[in-house]
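Student: Could we go through the aromatic pairs and the burial of residues here together?
Tutor: Gladly; let's look at it first.
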Amino acid sequence: MKPIRPLQGEYDITIKGPCGLLEAFAFQSTCPAGFAVVCHPHPLFSGNMHNKVVTTCIKACQSLYLNTTRFNFRSVGMSHGKYDNGIGEQDDCIAVWRWTDRQMCISERPSKSVLIGFSFGALVAYQCLRTLSPDICILIAPPSQKLAPVDYAGQLNIVLPEQDELFSLNDQTTWLKQHHPKASVTVVSDASHFFHGKLSQLAGFIQEAVGSPLS
């Protein structure tokens, strides 16, 4: 099997994580407006940083001149460690976030910091809000029944596939109304969990959410 190459402008790196090295692809804009970190779907179901939803988010952020990092959680690809049911993966995300902030934004803190997660990655990203303080958090098809509510003062954007075969749309919207009534919620019509045929719409949503003025 041939190794998957980075997107144009990206470079492959390893980031020191809590249980060893984490495999990642990073991108640095020539005129950075901020940075974004994207978390991939479930490691036990072939989820990795090459997932099409993940790369769609990365491309959308790069189009807005954000530095980006996507990475493999522990046990995925060349990343060290063992799967930890979303708990140790939070530490992975925090390590990558801090690396990105420190290494890619040396001169000064960027105007925008963005944390994005898809499916299992949304669970991890959301729980990391306890420690991180991104300006913008975007959760894509989050498993709401598994989310422990977190206080978050930043800009929370949610994108839900109307025909999600894994998580109930009604359960997701009910949970959000209860715990994050001010969150911006977008439902993508006729979209499945993996947004087959809907990636361009997803990219547009990401661009709109990230490109909007911070409140």
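Student: How many residues of α3 are buried?
Tutor: This is a predicted model, where local features need pLDDT of at least 70, side-chain atom pairs count only at pLDDT 80 or more, and totals for chains, interfaces and linings use all residues. Residues are numbered from 1 along each chain as its sequence is written, and side-chain values use heavy atoms, leaving out hydrogens and water. Helices (H or I, at least four residues) and strands (E, at least two) are DSSP runs numbered from the N terminus, while buried means under 20% relative accessible area, exposed over 50% and partly exposed in between (1.4 Å probe, protein chains only). α3 is mostly covered, with the buried count being eight of its eight residues.

Student: What is the geometry of the pair formed by tyrosine 126 and tryptophan 175?
Tutor: Rings of Phe, Tyr and Trp (its six-membered ring) pair if their centres lie within 6.5 Å; planes under 30 degrees apart count as stacked, over 60 as edge-to-face and the rest as tilted. Here the centres are 5.6 Å apart with 75° between the planes, and the pair is edge-to-face.

Student: Which helices does that pair tie together?
Tutor: Both tyrosine 126 and tryptophan 175 are buried. The two parts are 49 residues apart in sequence, because tyrosine 126 lies in α3 (residues 120–127) and tryptophan 175 in α4 (residues 169–179), so the helices tied together are α3 and α4.

Student: Is phenylalanine 118 buried or exposed?
Tutor: Phenylalanine 118 lies in strand β5 (residues 112–118). Its relative accessibility is 1%, so phenylalanine 118 counts as buried.
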